[in-house]
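Subject: Structure handover

Hello,

Here is the structure I promised to pass on. Please look it over before you read my notes.

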Amino acid sequence: MQKITREQLIAKASELLSNGTVSQVLGWGKGEFDYDVTPTLFSSAEELENGFVFNDFCGANFSKYLVSKAAKADGKLLVFLKPCDTYSFNQLLTEHRFDREKVYAVGIPCEGMADISKVKAISGDGIASINADGDNLVVTTLYEDAPITIATKDVLAERCINCKSKKHVAYDELMGEEGEVLASNRFDEVARLEAMTADERFAFWQNELSRCIRCNACRDACPACTCEKCVFDNPNSGVENKSPANEFEEKLFHIIRAYHVAGRCTDCGECSRVCPQNIPLHLLNRKFIKDINEFYGEYQAGEEVDSRAPLVNYTTEDLEPGEVFDRGDNNA
Amino acid sequence: MNNNKYLREELLRQSGVNPKKCMKCGKCTATCPAFDEMEYHPHQFVSMVESGDIEPLLKSESLYKCLSCFACIDRCPRGVEPAKLVEAVRLSVIRKQGGNRLSADDVPSLLDEDVPQQLLVSAFRKYSK
Amino acid sequence: MRKCSLEKINEIFAAIAKNAALYLPVDRTDGSAAYKKWEEGTVWSNALNTVRSPKDFFFPQTEDLMRFKTKGKTVQLEDIRTEAEAFVVFGVRACDVKSFDILDRVFLTEPADSFYANRRNHGVIVSLACTRPVETCFCKTFGIDPSAPAGDISAWKTESDIFFEANTEKGKALLHTLSELTEECDDGAVAEQKAKINAVMEKLPLKDLSTKGFGGGKTAELFDAPEWDELSSACLGCGTCTFVCPTCQCYDIKDFNTGNGVIRFRCWDSCMYSDFTKMAHGNNRLTQKERFRQRFMHKLVYYPENNDGLFSCVGCGRCLAKCPISMNIVKVMKKIGGNKGE
Amino acid sequence: MQVNEYKPLIVAFCCNWCSYAGADLAGNNRLAYPADVKIIRVPCSCRVNPTFILRAFQRGADGVIICGCHPGDCHYTSGNYYTRRRMAALFSMLDFLGIEKERTRLEWVSAAEGAKFAATMNDFVQTVASLGENKRLEDLRCKK
Amino acid sequence: MQRVGVFVCWCGSNIAGTVDVKAVAEALKNEPGVVFSTDYQYMCSQAGQDMIINAVKEHNLTGIVVCSCSPRMHEATFRKTAAAAGLNPYMVEIANIREQCSWVHKDMALGTEKAIILGKAAVAKVNLNAPLTPGQSPVTKRALVIGGGIAGIQTALDIADAGFEVDIVEKKPTIGGKMAQLDKTFPTLDCAACILTPKMVDVAQNDKIRIFSYSEVAEVKGFVGNFDVTIKKNARYVKEDICTGCGACVEKCPMKKNPNEFNLGMDNRPAIYIPFAQAVPKVATIDPNACNMLKNGKCGVCARICTAGAIDYTQKDEYIEEKYGAIVVATGFNPISMDKFDEFAYNQSKDVITSLEFERLTNAAGPTAGHLERPSDGRSPKTIVFVQCVGSRCDACAEKGKEYCSKICCMYTAKHAMLVRDKYPETEVYVFYIDVRTPGKNFDEFYRRAVEEYGVKYVKGMVGKVVPEGDKLKVQASDLLANKQLHIDADLVVLAAAIEPDKSARPLATMLTASMDTNDFFTEAHPKLRPVESPTAGVFLSGACQGPKDIPETVSQASAAAAKVIGLLAKDKLTGNPCIAHSDELMCNGCSSCANVCPYGAITYEDKEFRMPDRTTKVRRVASVNPAVCQGCGACTVACPSGAMDLKGFANLQIMAEVDAICK
C-alpha cells in the first residue's frame, strides 16, 4: 500500500487549486477497472473527487506530458512526481523541454508499483476488483469465490524491484518523508547477459526483438524521446520505417532508439512497462548506463539539472573503443 | 643479468616505484639526513635499480642506514618515492634464508635504559623477516 | 457434430499439420500467449487471448507486393505473387472470428485485394468457443455470442473433450480428414458448455456496454463532441491499439531501395501516427486529437455507415489490456455514446 | 589465387584532415592493401553517425572501420574525443546484441601514417575475412 | 536528381596502369542521373578542364564527377572549372581512384571494379548535392588586445601601425606587465625599462590605440569579425583625462603603509599611487581598501592638494560596450605561489625570495634603488644560492608544482648570477640545476660566460632543504657529480619559481569559448601550423598565455598575432566555408546537445514562435548555427537525436547514398 493516500493528494491538489497556485492538476484518472489508470488533467476539486485515483497501479511517468501540457496550461500545472519521475523531470529541464515556471511539482513518496500481469499470474485472469490492504492486495475474480490475498511486494513491477532511488531530486513541495538513493541490483541482468557468449546473446536478443510489432509505444512513452519529429517518422531522415520488415530493422530501431537516449535515459523503465510484447527493452538502456558508468564514471541522468550528458562530453583520457572489450574477457 | 632482470622487475613490483619517472635532479639525496652514513644515496638506488646494477646495493650497508624518514619521498618533484625502493631492496635481502639483520638473540645485548623499547620493536620489524 | 477426447488432441494436430501449416496459441514465457506454428511437441495454450490477433495470418504486418529490378537504366518488373500455402488457424475466439467479417468487407469487396484473398482461400479457421471470458471482454456489445463462434469449423472445449462442427465446405473437408480421430455425437455437452459461458458473461463488468448513440449517420452529432479533447488528451500517439486490434486494416505502401532494385511492400499503418496517410500537402489530420477521433469514429460510425450497420470492433479487449495509458474504445463509448453518464 | 575466395566488403570512414590524407599517403608510397576497402570521406570522424555504420552493415558491408586524427590532434580540436565515446558505446552495444565485435573498429591514423593506414586495413580485412560474411546485421532484401 | 557528367582521368599511366579507365567511364554511364561519361589522359590539364566546361554546356550538366586523384589534390581545381562552366563549384564530387585505388591495388580487375564503385558513390552523392554559397559577414575593423604586457603592447603597436584601431584592456593601473618589473634582459643584458618604456610611450601617443587600464573584460558576445565586448572600467577615483600625473597627491597621502604590488610587497606605497615613474597612463589610482576617505569618509587630502581637481571619490565602475573584429589574448603569466614549498623556507625567511623579487631587488627603480641588500637586514649578501626548477617539471600527480618546463628560468638565473658576480665579485654564487636548458640565439654562450668568465658555481643537483639559522640560511643540497651532499651557509636564496598562466585567463577563455589545456594555457588552433590562433575563429594568442615564453619569443608571437589580425581586419567581408551545419527549426527540440559538443560555440538558441497544427502558436527554443563561426566538423549532427542538425556538403542523406552505392 502506498504511504500517501488518494485523499491526501486530493486535499493537496484542491488546496493548490483554490489558493490559485495552480490552475490544473495532472493526475491519475480512474479507469474501467481497479488497475487501469489514465493520465488526466483536472481543473476543480469536484473533478478530482470524481475521477482522481491513487493506488498501487499508478506507475505511469508523467514527466513527458509536461512538454505538451505545461505549454498549453493557462496558469501553473500541478504535477505529482514519484521519486523516479523527478529524474525524468530534471532531465527534461536540462534539455529545456518545458518551462519550469509553468509547473508546480509535488514530490510524493512511492512504495513501488504493482504489475497487473504479475497479479493475474497469481490470481488468474478475470479480475473483478483489487483493493489494497496493508502490505497486501486483495483480489476478487470472476472465477474464484473467495478473495485472493497477494503480497504487494510479490507483484512489484520489475523497475520497482530494482528501484534506484526513493529520493526526489526535484520538487516545489514534498509530501511525506524523503527517501534515499538506493543501492539497487539493477545491472545484474545486464551483467548476466554480458557473461553469456556472443552467440547466446545474439539468440537471446533475436528471440526478444523478433516479437517487436513496432507500435512505437516504447518510444512514445519514453520521457527522453521528446523529439518534435522522430527520425523514424521522418521520411527525409534516411532511416524512416514503419514496420520491422525483418530482423535487421528490428535491431536498427532498437539500437538507435537506445543510442539516442544514451546518457539521457534516467532508467525509468517506461519502455518495458508499455511494451505490449513484454520485450525487456530497458536492458538496452541499462547496458548503455552501465557502460557509461564503467567507462566514464558514475552518471545518473536527471540527478542534477544542467549536467552534461556523457556522450556530449569527453576527457582526453577516455578509453578507446578497443579497450572496452579488454577490460576482462566477457566471453571467457 | 637475467637474474637481475627478474629481481629488478620484482623490486619495482613490490615497491610500486617507476624509476623511469626520475629526472635525476638529486633532490632526494639533497634532502637525505642519512647521507653521510650511506654508501649509496637515494638517487643512486633509483638509477642503479633502473639499470639493473643491483648487486652492490644488496651488499651495501646503506640498506640499514636509511632511516625510512621518507624525506626523499616527500621532496621528490616527480613522485618517484626512492625510500620505497630502498625498502624493497632491503626486504629482498632480509627475506632470503639467513638474511635477518637482527635476530631475537641480538636484542638483549641492545637493551639499554636510554633506548626506547619502541625503537627496538620497530628495528626488529624493519630488519628481520 | 463430432467429438474427440482432449487426450488425443495432439493426434488431431498432427493430422491437420500433415496437409497444412497449423497455427495455434502457445504460451510464452512472459505469461502471454501467441500463435505459433505447430510441430511435434508444441503445447496448445489454455489461454484464449493472444497478444496479436489471428488477422496476422491473412493480413501480415509487412508483405512484399512487387519488385523492380534495375540494371543500368533499365527497370524490370517482377511478379512475386505466389499461391499461399494451405494453412489452418486453430483456436480462434468468437470475437476474433468475427473480425474476418469486417476485414472481408474491406479486402474482398471488388476490386478484391488479391493478396488477402489468396490467403483467405487457402486458410481454414477453426474457432473455439470461449471458456473463460475476462473483465476486458465486451463482445456481446457487438452481438457476438462467445459460446457459438463462427469460422470454417466451430469448436467447443470441455474438461475432457473437444467438439467440432463444420460450417463451410472448407471446414467440412478438413473435418472429414479427421473422421478417424473423431466420433459423431449429440450437442448435449456443448449446450451445457454454452450455458456455463453465458452465465459468466452475465458477471462481466462491461456486460451492459451498449452501442447506443453510435452507428451510421452519427457523424454530424459526434464529430465535434467536446469530449474528444479530454479523451485524447493523454494519447501518446503510439500504434499499440491499432496493431493488436483484430479489425484495424490500414496499411501503407512503401518502396525499399535494395541497391539493385526496389521492393514495393505494404506494412501496417496506424491512424494514430503523425505520418499516417501523408499526402503531398502533408498530413490531413494534424493533431493527435484528430487522429484519435478518426480511429474511434471509424470503428463506431464510418464503418457501420458503409457496411450495413456492422461495427468494426469485436470487443476482444486487447486494446484495453495493452494501451500504455489505458485509454480505449470502452472509455470512448461510455463518454460520448448513448450510455453517457451511466 | 582461389577463384571463389571470400571477399569481405569493408567500409572505411576517414576524416578529411588526418586519416584520408594518411590513406592518400599510403597511395603515394604504393603501400598495398586489399581493394575490398572502400573509403568514404567525412570532414571529421565525429561526423560518423551510428546509423551510417548500421546502414553499411544492412547493405552488405562485412566490416566498418572509422579512422580519425589521433586524440589531441583533431583538426576541430575535440571531434575525435566525441567519436571515441560514441563508438565505445555503440560497439559495446553491438557486442551486447551478440554481433561480432571484430566487425567494427576505430583507429587513429595521422596524415603522416600511410604505413599505419595500410597495415591497419590489411589487418582489418584479414580479421573480418576470418569471420566470414556478416549474417547478424544483414538485411536479406539487399542481397536479392 | 542531377544531370551528371562523369570524367575519368588516366593520370597518364598512374591510374590507367591499373584501372581500366574506359571500362569505368562506360560502367558509370548507366548510373542514375549520369547523362555523359568520358575519359581523358590528364583531366587537370587545361585541355581536360576545357573538356569539362564544354560538356557542361553541351549536355546541360548540373553535376560533375571527376574520377581522378585525391580531392586533397585537385578538388579546388575542378571546383574552379565548374565555376568557369557556370556551375556552382560545390556541384563537383571527386572519386579518388588514384591514391586510394590505382596506387594501392595491383590487380587490374579488382582495381577497375573498385574504381567503378568509388565512381558510383560519387555519382550517388552528387545527385544529392545542392549549390552552396559561402556565407559572408562584415568585419568590424577594430581589434581588442587583452593584456598590456610586452605581448599586448607589441601586438597593439603592429596592428595600429597597419592603420587599424586597437584597444588594450589592462587590469593593472598601468601597462607594461612583467617586463616593466625586470632589471636587465638576457642574453644582451640591456635594461628592460630602456627598451620597454619607449614602446609604452608609443602606445600612449598612438592615436589608433586606446588604453583601458585598471579594466577588465566583462562579457564577450558575437563571433569572428563581429565581437561585442563589454569592458568593465574599475573606478580608480581619479579622473584619467584630468590627472597630470604630477604625483603631489602621492606625496601627501597620509596612508603610506600599503604593500607595493609593483615591488612585490618588498616596500610600501600610499593609498593613492602611481605604480612607477614611467607608468602609462601616468595617472594616479586610489586603492579603495587603503584610502581612509573611501573607507571612512575622513581625510580628503589628495582632493585638496590636486590643483587639477582630478580626484573623484564618487567615481563608479563603468561599463563600456565596444565592437571588435578580432580579439588578441595576451594575459601573460605569474610565478606560482611558493606556499607549498616548505623545504625552501620561503615563508619563514625574508631572505628566501623568488627570482622576480630578485629582479626588483637589483632594479635601480626597485625598493633598494638597485643595491643588492638582504630584505631582512639590508646587509649585502656574501653567499647566494639560486635554486632552479622550483615547481617546474613536477610529476602530474604531485600536489605541488607544474608538469611543464617554465622555459625562462635557466636563462634569467644565469643572468642574475652573472650580474651579481659582475657587480659584487666577492660574492659567492651557487646555481643548483637539474639541466641547463639554453636553446636560443646566444643563449648557451651566455650561460657559458656566467660559468667561465664570471665564476658562477653551477652545481648539478638540487637543494633539499633550507633552514634559517641565526642570520644564515643553512642550505643542504646534493652535488650529484661529486656524489656529495653540500652544506652551504647562504645569505640569500633565490628560487626560480615556475610560471603559470594568469588567473584571469580561465574565465576569459570561457567568455571567448576558446579552449585551454589542463594547465590553463590557451590552446592553439594547430600546435605547429597555426600557433598564434586559438581554435575559436577571430581569437588570437600572444605571449605567455599560450605557454612559457621569453621576451624575444613573446615579441615575435605578438607580431605574428598582429599579422593575423591585420590579415583579418583587412578584409571587408569574411567568406566562410559553405560546408557548415544548419538546423531545421521545425525538427529542433532545443535540447542543447549540439551546443554542448560544438568546439566553436557556433550554436545559439532562440525562442521562436511556431504555428501549431491546431492553429495555435507555440514558442519553442530552437538552435541556430552561426555560419561565420561554424567550421563544419559535424559533431553536432550526430549529437542531435532528432536529426534536425545536418551538415551541408556532407549531409546525412549524401553519406548514406555513398554507403548504399558502395555496398550494393
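Below are my notes on chain D and its contact with chain A.

First, the ground rules. This is a predicted model: local features need pLDDT of at least 70, side-chain atom pairs count only at pLDDT 80 or more, and totals for chains, interfaces and linings use all residues. Residues are numbered from 1 along each chain as its sequence is written, while chains are lettered from A and ligands numbered from 1 in the order in which they are written.

Chain D on its own:

Chain D has 4 helices and 4 strands. (Helices are DSSP runs of H or I, at least four residues; strands are runs of E, at least two; both are numbered from the N terminus.) From the N terminus, the order is β-α-β-α-β-α-β-α. The C-alpha atoms fill a box of roughly 40 × 35 × 20 Å along the principal axes.

Of the 144 residues of chain D, 74% are buried. Buried means that 20 or more other C-beta atoms, placed from the backbone, lie within 10 Å of the residue's own.

Contacts come next. Two residues are in contact if their C-beta atoms, placed from the backbone, lie within 7 Å. Take the contacts in chain D between residues at least 6 apart in sequence: 81% of them join residues at least 24 apart.

Chain D against chain A:

Here, 33 residues of chain D contact 31 residues of chain A. On the chain D side, α2 (50–58) and α3 (79–96) each give two or more residues. The largest share, 14 residues, comes from α3(D).

Best wishes

Note on methods: Buried ≥ 20, exposed ≤ 12 C-beta atoms within 10 Å, placed from the backbone.
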